[in-house]
Amino acid sequence: MSENNKSRYLPGDPKEHHVVSYKFSIGIWFGLIILTIMTVLVSVMGINLVAFSVATALIIASTKAIVVVNYFMHLKYDNVVLKILLGVTMLLFVVFIFLTVIDYITR
């Protein structure tokens, strides 16, 4: 039966689970709350950044997504292959958004 357990792991996988403390998780959560408040201030409360408000909101949202993926989904402590797959996915997403913006501008 121990042979079946060995075959479940991919090369490079950690053999033990990574446990983070409650203090660290609450700190990450508090940082996400601050970023959410910043998003609300930029979009609703009248902080006027003119053309930069959309870019600022996207930067804040991207930062929140990176924090959630790295710490709450534990990608920081996971296999390198998964990090590469996420990077390729994000690169393709950025390329598709860029191509959509170029198409919209040239109409």
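**View 1. The protein has four helices and zero strands.** Helices (H or I, at least four residues) and strands (E, at least two) are DSSP runs, numbered from the N terminus. In that direction the elements run α-α-α-α. The model is predicted, so local features need pLDDT of at least 70 and side-chain atom pairs count only at pLDDT 80 or more, while totals for chains, interfaces and linings use all residues. Residues are numbered from 1 along each chain as its sequence is written, and side-chain values use heavy atoms, with hydrogens and water left out. Of the 107 residues, 10% count as buried; buried means under 20% relative accessible area, exposed over 50%, and partly exposed in between (1.4 Å probe, protein chains only). The protein exposes about 9100 Å², of which carbon and sulfur atoms supply 73%. Such areas come from the Shrake-Rupley method with a 1.4 Å probe; for residues, only the protein chains shown count as cover.

**View 2. Helix α2 has 22 residues.** From its first C-alpha to its last, α2 reaches 31 Å, close to the 32 Å expected at 1.5 Å a residue. The expected span is 1.5 Å times one less than the number of residues. Buried in α2 are I28, L32, L35, T39 and V42. Seen down the helix axis, the buried residues of α2 fall within an arc of 80°, so they line one face; the arc is that of the directions from the axis to the C-beta atoms. These buried residues pack against α3, where contact means heavy atoms within 4.5 Å. On the face of α2 turned away from the buried side are the exposed residues Y22, K23, I26, W29 and F30.

**View 3. Helix α3 has 21 residues.** At 1.5 Å a residue α3 should span 30 Å, and its end C-alpha atoms are 29 Å apart, which agrees. I60, K64 and V67 are buried in this helix. The buried residues of α3 fall within an arc of 60° seen down the axis, so they line one face of the helix. They pack against α2. V54, L58, I59 and I66 are exposed on the face turned away from the buried side of α3. After α3 comes H74, whose phi is positive, near 60°.

**View 4. A nonpolar surface patch covers about 1200 Å².** Its residues are Y22, I26, W29, F30, I33, I34, I37, M38, L41, V68, F72 and M73. Helices α2 and α3 are the elements that give two or more residues to the patch. The largest share, nine residues, comes from α2. Patches are made of residues with over 30% relative accessible area and no salt bridge: like charges are joined within 9 Å, nonpolar side chains (Val, Leu, Ile, Met, Phe, Trp, Tyr) within 5 Å. Y22, in helix α2, is exposed with a relative accessible area of 74%.

**View 5. Y77 lies in the loop between α3 and α4.** Y77 is partly exposed, at a relative accessible area of 25%. Y77 and H18 are 59 residues apart in sequence, and their C-alpha atoms are 7.0 Å apart in space.

**View 6. R107 and D103 form a salt bridge.** The term stands for a side-chain nitrogen of Lys or Arg within 4 Å of a carboxyl oxygen of Asp or Glu. Side chains of opposite charge can pair when their charged atoms come close. Between R107 and D103 the N to O distance is 2.9 Å. A search of the whole structure finds one salt bridge. R107 counts as exposed at 76% relative accessibility, whereas D103 is partly exposed at 37%.
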